[in-house]
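Please work through the exercises below with the sequence and the structure open beside you, and try each task before reading its solution.

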Amino acid sequence: MKLNIVKRNGKEMFAGGLDVPDDATTDDLKAVFAKAAKKHQTRQRFTLPIPAGADPKKVRGTPLDAGKSLSKDYGLKDGSVVVFKDLGPQVPYAVVFLAEYAGPMLCYLPFYFFRSAIYASTKKYPATAPMLQVQTLAMVFHTAHYLKRILETLFVHHFSHATMPIFNLYRNCAYYWGFAAIMSYFINHPAYTPVSETQMKVGFAVSALMQLGNLHCHVYQASLRKDGSKEYKEPKGGLFRFVTCANYCCEIYQWVGFNVATQSAMGWLFVACGAAQMMDWANAKHKRLKRLFPGFRRPFKLLPPFY
Amino acid sequence: MVTQAYLTLYNVAQTIGWAAALAFTLRSILTHDGSLASVYADAGEYVRTFQVLSVMEVFHALFRLTRSPMSAALMQWAGRTHVLIAVTHATPALQSTPAAGVLNLAWAITEVIRYPSYAMGARCPPWLNYLRYTVFIPLYPLGAGAEMKLMYDSLPSFAKSEAYSVAMPNRWNFGFDYPTFLKVLLCVYPLLFYQLYAYMFVQRKKKLAGEKAKSA
């Protein structure tokens, strides 16, 4: 059958239509389209057109999901219209996570290891001031945090999306690398002022505990997708019994602990930005879970005992 | 309805303010034999008042009274106000330089065209629309150039005074060196300017082409 593929502005992409087998699935369509339009499968998204008369601002076209039959599941036949959206260049998630995590880990380290060279221009302070215990521990905790994320990416996570738009990679890298560098600059500064030893110990203890909690969450989440499936499952084990986004919760408190121990304005700003973003994600996830699993309830969405 | 009336009133007020700023600027230049040295002293008060007042546009965007994104409105307002208040107003020696005069003049001409065209909205006459999308061609580079010159010239004075700077050590482990901030800003300014300038040319093509289509 020949499908009439149109862009979102309504423009027809192939004069006479795109020829696909009668029993084609969405994946077959993507393969044919990839050859015809020279656009890789990962950046293609197809939807059915919005019904005539519907408000395009409110109604969205039904997406053609992977593995479904075009004729049986969506009733497409010769001459049917399908809308194409170009998602833009994509990068695999594993690459994304490594760049986003190896980057900040490496950005942090020079300020610790090449301290005398980096702070030499700050003449007012003795660049040779002895390294404090809190500065060494901060370096260890920061590095361990990102090392954990890298190892989880390699051995634990199952991603529901294979790829991500490349623009997000630039944006996220700028965020993670930038914050790592500026936090490190102040924490390793020769004129750094430490907090009391008790406060430092409490902070790092909270941080370590929350790292373990976060690892626990990630292992649990991966177990939901053990069979390699990509469909959405209700997270209800472990800490997820109490908090919708227990993984984010541990992540936020991990950084709170780090900042209690190290106390820097830039570090707190980093937590605030991260928490604001995770608040958005948590709201969206809570809504989605409520929609998918009727009766879904949790005492907290993100940050007990507050939210 | 109320929103529309309010916005019109706001734009009319801004038009009057910037018209006054332009009038005092021109009078200053004429009465000083074409010299720009006294412009800031003679018209600066109007420029400062109405530039600071334009923070309302950030709130208009925040509360969705206008369609422009809040971040863009904030950047624009903060960028200009920073140069005007934090740099120029805080550094008396800069106020009699030609750059300060050029800044006043370039802003006043731009705004005395922009605000009435906002105020009139769809009823904006074609000639005013044409001016709005044409005067920026010389005035934007002139204004941005003046802004950069003022920031550059203020560096020694701020290095000496340490105004706005935060010195370490302190318990929040934070330091801020204002001259360094200015230098970074001077590096990114051309990029931001290029973006805005290129955007304005795209707008120019769109708006003036629309004008032609309407009259044809």
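**Exercise 1: a helix pair in chain B**

The crossing of α1(B) and α5(B) in this predicted model is left-handed.

Solution. Begin with the geometry: helix α1 of chain B covers residues 2-31 and helix α5 of chain B covers residues 98-120, and their axes come within 8 Å and cross at roughly 150°. Next, locate the contact, in which α1(B) contributes residues including B:Asn11, B:Thr15, B:Trp18 and B:Leu22, while the α5(B) side includes B:Leu105, B:Ile109, B:Val112 and B:Tyr115. As for confidence, chain B averages a pLDDT of 94, and 97% of its residues score at least 70.

**Exercise 2: a helix pair in chain A**

Carry out the corresponding analysis for α3(A) and α6(A), and state the handedness of their crossing.

Solution. Helix α3 of chain A (residues 93-113) packs against helix α6 of chain A (residues 166-187) at an angle of about 20°, and the axes are 8 Å apart. Since angles under 35 degrees count as roughly parallel, α3(A) is roughly parallel to α6(A). The crossing of these helices is right-handed. Among the residues that meet are A:Val96, A:Gly103, A:Cys107 and A:Phe111 from α3(A), and A:Leu169, A:Cys173, A:Trp177 and A:Tyr185 from α6(A). By class, the contact of α3(A) with α6(A) has 14 nonpolar, three polar and one charged residues.

**Exercise 3: the outline of chain A**

Solution. Chain A contains nine helices and six strands. Along the principal axes, the C-alpha atoms of chain A fill a box of roughly 75 × 45 × 35 Å.

**Exercise 4: where the chains touch**

Describe the contact of chain A with chain B, starting from the number of residues on each side.

Solution. Count the residues: 10 of chain A are in contact with eight of chain B. Helices α6 and α9 (265-292) of chain A each supply at least two residues of the side of chain A that touches chain B. That side of chain A divides into six nonpolar, four polar and no charged residues. For the complex, the predictor gives an ipTM of 0.73 and a pTM of 0.77.

Terms used: Residues numbered from 1 in each chain as written. Chains lettered and ligands numbered in written order. Predicted model: local features only at pLDDT ≥ 70, side-chain atom pairs only at ≥ 80, totals over all residues. pLDDT = per-residue confidence, 0-100. Axes fitted to C-alpha atoms, helices over the stretch in contact; angles between N-to-C directions. Helix = DSSP H or I, 4+ residues; strand = E, 2+ residues; numbered from the N terminus. Parallel < 35°, antiparallel > 145°, perpendicular 65-115°, else oblique. Left-handed = near helix turned anticlockwise from the far one by under 90°. Contact = placed C-beta atoms within 7 Å. Nonpolar A, V, L, I, M, F, W, Y, C, P; charged D, E, K, R; others polar.
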